[in-house]
Amino acid sequence: MKHKQKIFKVAREVEAFLEFEGITLTMGGEPTFIPAQPEAAEWNNAAMGPEKLGYARRMTAQLLDEVYPGALAMQVFGKWYPGEPLPRWNCLSLHQKDGKALWPDTKRLLLDDVRGGNLPRTATAVARAIAKALGVSRSLIRAVEQTGSDKKTTGWVLPLQFEEGSWISDQWPYDKENLLRLIPGDSPVGLRLPLSDLPEDHSRGALTVEVRQGALEIFLPPLEWRGFKSLIQLILKIVRELKLKDLVFCGYGPSGSGDYLDTVGLAADPGVLEVNLPPATNWEAYHRFWESCASAATACELQLTKFGLNGRVAGTGGGSHLAFGGVDEATNPFLVQPDRIASLLRYWQHHPALSYIFSGQYVGPGSQAPRVDEGPLHGLYELEVACEGIEGALPGTLSGESIDQFLKNLMTDSAGNTHRAELCFDKFHNLAAPNGCIGIIEMRAFETFPEASSMSVIALFIRTIIARLFRVPFREGLRRFGPELHDKYFLPGFLWDDLKEICDDLNAHGFAFDVEWLRSAFDFRCPSLGKMRFKGGVMELNQAFESWPLMAEESLESSMVRVVDNSSDRLQVKLSDASLIQTGYLLVNGIEVPFEKVDGQLIAGVRYKCASAYPALHPHVPIQSPLSFEWVDRKTGATTQAYRYHFWNPDGPVYDGRPKDATEASARRKVRWLRATDLIGRQPMVFRPKMSPEYRYTLDLRRQLI
């Protein structure tokens, strides 16, 4: 990490301020990983698949070896979405905060996707041993799978609860005559119990034991921490006595364990493996957690970036959200002083760099994290009214539920989804969600970067901004950017200026954060695509940001969907010296590029149709790649230098699969910027740009049909 000492010095200053003010601000995150060749559906759009669970188990093994010795690895099941056959799994590492081992025998766990060595009779022996040790042997039930007239024992079921320090079982109404027949499927027995068939007076919690693909799977029922820990200790004793291995613990993690356990979760998410970092009370703890996870992922051949077919390097696509909150409701800094939320909302809206630079290349209303002013026209005005209401409330009069009512109908995407907002309050105090009342503000406009250190510095940057807002609230009125938001702030030059303005503000409030610490992240998001040198200066082409418009609603099987038009791209063109425009001018596809002066440089945006798509806007506009850039001498009218920028492969319509590594990706990018010797020396026809009043910074080639 560059500038490490200075970065850690700022981190300590931030924590010293928070400690002096008596503020405990937790922070966490959700970085996402993929393998080098993410071709399968589970690495593109599906949440689960045959490879991902193996990667999750191997990464968990690395964490247990290197970071959390003595932790228990467990596979729990979470969200169940329409159209998905099973709830999504989450591989948890459960580590006791006091340092004592919860499961000291890591070698007995099956932490890979290989076949285990257990036979079906092992499940019988373990189930009977557990029931005997708990004194509830009479409640043990054989679970059967029925195929035609054949009945096959699949596993064992033990109704089980832990109440007031004692184990309690239940006599479910099954016996040799009335068999417990499982719901058909290929998930663990614990997920296929016919619970709806039980009379109402029977408990629904049950431990199950089975052998699947040689793995001894023990499904744990919902338990509070005390009972959970007791049961784990009992099972450990049994498997040691029976000399067993290849165990998989699954089911439910313990409730009420926040004071006793740190957990790291590796979750199945569409296209990626998502890591749920444990909440940290300071940045250095967050940094250690994050670096450990990144190291474990690297050891398992997982990475933070994806190679596009044309050589473009981007984040994984699954996001890398940041979350801030408190350890409990009583000390949550945003509940202690709710006006801090209004201050945060105002500051974020003032600075587009916070919305775009750390996100993916494609942003805007159709993205996964739209700004509030990218929604309905009334949204910004209504948010201002809400901020005034929060700021005007008397101390101690606003509850979490009140905050939710203030913001839940404003902080959404264009379809009203509260989870897909740039600043997401879906987990602050949302009574409708299972984990909706944990008091955190989730910041979704963050993607993964190639280096874990860059992501740590970004997290510190955001934490420093929050500390600055705690020191002096931000009360300025919301800005009405209008069309300028996308026209101007989709261009890297203006976003860098905005980052500098933020860092100047942090310095003015006592936090010496250097904008250059964000340079590598900025360069990754807005890479240089090519340079053209000519007499007196240089033209540089950089990747800019683009908004993919939402298309009309369409029916897909039993649901309605909206897709985005991904056929357009945006570039930034920059001239090294403002005086260059006096001696020459730049053409792109024959159109003169209009420039705006910024810090002695000339900057312009170029928007164009880069590919074919359906559905898409403007079917009359052809693909406009390659783009021809010509520098023309004003005196002679002749082209003195020229290049072509190809969005796609200049040598053919297809690529032979994704780049295998960074070297091949770089090679593909380089050949897309080619010197156009056939244009040099000619006297080109020059067409004036067709501009609109609301877009003065960006030349939209889709309107320049000549």
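This is a predicted model: local features need pLDDT of at least 70, side-chain atom pairs count only at pLDDT 80 or more; totals for chains, interfaces and linings use all residues.
**Entry 1: Ala-36**

I began with Ala-36, which is in contact (heavy atoms within 4.5 Å) with Glu-301 and Gln-303, leaving aside neighbours within four places in sequence. Residues are numbered from 1 along each chain as its sequence is written, and side-chain values use heavy atoms, with hydrogens and water left out.

I found Ala-36 in the loop between β2 (32-35) and α2 (52-66); helices (H or I, at least four residues) and strands (E, at least two) are DSSP runs, numbered from the N terminus. I then checked Phe-307, 271 residues from Ala-36 along the chain, and their C-alpha atoms are separated by 8.2 Å. Ala-36 has 33% relative accessibility, so I noted it as partly exposed. On this scale, buried means under 20% relative accessible area, exposed over 50%, and partly exposed in between (1.4 Å probe, protein chains only).

**Entry 2: Ala-552**

Next I turned to Ala-552, in the loop between β24 (546-547) and β25 (554-556). Is Ala-552 buried or exposed? Ala-552 counts as exposed because its relative accessibility is 56%. Not counting residues up to four places away in sequence, Ala-552 touches Val-561 and Arg-562. Its C-alpha atom is 7.7 Å from that of Val-563, eleven residues apart along the chain.

**Entry 3: The cores**

I looked up the nonpolar cores: sets of buried Ala, Val, Leu, Ile, Met, Phe, Trp, Tyr and Cys residues joined through side-chain atoms within 4.5 Å. The largest has 163 residues, and Met-59, Phe-249, Phe-461 and Ile-462 touch the most other members. Helix α11 (residues 452-471) gives the most to this core, with 13 residues. Another core lies apart from it, with 29 residues, including Met-532, Phe-534, Val-588 and Phe-629.

I went back to Phe-461: not counting residues up to four places away in sequence, its contacts include Leu-354, Phe-358, Leu-499 and Phe-513.

**Entry 4: The whole chain**

Last, I stepped back and found 15 helices and 35 strands in the chain. The radius of gyration is 29 Å, close to the 27 Å of the globule rule for 706 residues, so the chain is as compact as a globular protein of that length. That radius is taken over C-alpha atoms, and the rule is 2.2 Å times the number of residues to the power 0.38. I also noted that 56% of the 706 residues count as buried.
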